[in-house]
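Reader: I'd like to go through this one and ask where each label comes from. Can you set every value against its cut-off for me?

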Amino acid sequence: MASKRTRTALETAKLVLIEWDDALASGEWHEAKKEDLRCKTVGFIVYEDDHQIEIAGTITEGMCNNSITLPKQMIIKRKEIKLEASKRQSKR
């Protein structure tokens, strides 16, 4: 009987689009004005808890690169992006 192969974290990683409000700081005198702080980021979820989420642009088993950690209070919208499962091609 063939054993069922378990899927790795790399295979099960969720891809998301997150829309969030950034923070802005200025250390010099300037006129007060409304700033557009809305950002959109796409990436794979590599860590999440009740307070924050980390998403990365590149992932491998146990490692990630090009990541950003966002406090959940800054998130306006969150949408999971479904990836199509690739079909195995048989060798003939």
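Predicted model: local features only at pLDDT ≥ 70, side-chain atom pairs only at ≥ 80, totals over all residues.

## Labels and their cut-offs

Reader: Why is threonine 12 called partly exposed?

Author: Its relative accessibility is 41%. Buried means under 20% relative accessible area and exposed over 50%, with partly exposed in between (1.4 Å probe, protein chains only), so threonine 12 lands in the middle class. Threonine 12 sits in helix 1; helices (H or I, at least four residues) and strands (E, at least two) are DSSP runs, numbered from the N terminus.

Reader: How many helices and strands does the protein chain have, and what pattern do they follow?

Author: One helix and five strands, in the order α-β-β-β-β-β along the sequence. Of the chain's 92 residues, 17% count as buried.

Reader: What makes threonine 41 buried?

Author: Threonine 41 has 18% relative accessibility, which puts this residue in the buried class. Its place is in strand 2.

Reader: Which side chain makes a polar contact with the side chain of threonine 41?

Author: That of tryptophan 20, at 2.9 Å. A polar contact is a pair of N or O atoms within 3.5 Å; within protein, one must be able to donate a hydrogen and the other to accept it, and residues adjacent in sequence count only if both atoms are side-chain atoms. Threonine 41 also touches Val16, Leu17, Ile18, Ile55 and Ile68, among others, leaving out residues up to four places away in sequence; contact means heavy atoms within 4.5 Å.

Reader: Which residues make up the largest nonpolar core?

Author: Nine of them: Val16, Ile18, Trp20, Ile45, Ile53, Ile55, Leu70, Met74 and Ile75. Neighbours within four places aside, isoleucine 18 is in contact with residues including Ile53, Ile55, Leu70 and Ile75.

Reader: What lines the second largest pocket?

Author: Helix 1 (9-12), strand 2 (38-48), strand 3 (52-60) and strand 4 (63-71) each supply at least two residues. By class, the lining holds nine nonpolar, three polar and two charged residues. The space in this pocket is about 180 Å³, and among its 14 lining residues the closest to the centre are Ala9, Leu10, Ala13, Ile45 and Val46.

Reader: Why is glutamate 61 partly exposed, and where is it?

Author: Its relative accessible area is 44%, so glutamate 61 counts as partly exposed. Glutamate 61 lies in the loop between strand 3 and strand 4, and its contacts beyond four places in sequence are Thr8, Ala9 and Leu10.

Reader: Is asparagine 66 buried or exposed?

Author: Exposed, because its relative accessible area is 60%. Asparagine 66 is in strand 4 and has a positive phi of about 55°, although not a glycine.

How values were computed. Residues numbered from 1 in each chain as written. Heavy atoms only, no water. 1 Å grid on protein atoms, 1.4 Å probe; cavity = no way out; pocket = protein on both sides within 12 Å on 5 of 7 lines; lining within 4 Å. Points joined across faces, edges and corners; volume = space filled by probe spheres on them. Nonpolar A, V, L, I, M, F, W, Y, C, P; charged D, E, K, R; others polar. Core = buried A, V, L, I, M, F, W, Y, C linked by side-chain atoms within 4.5 Å.
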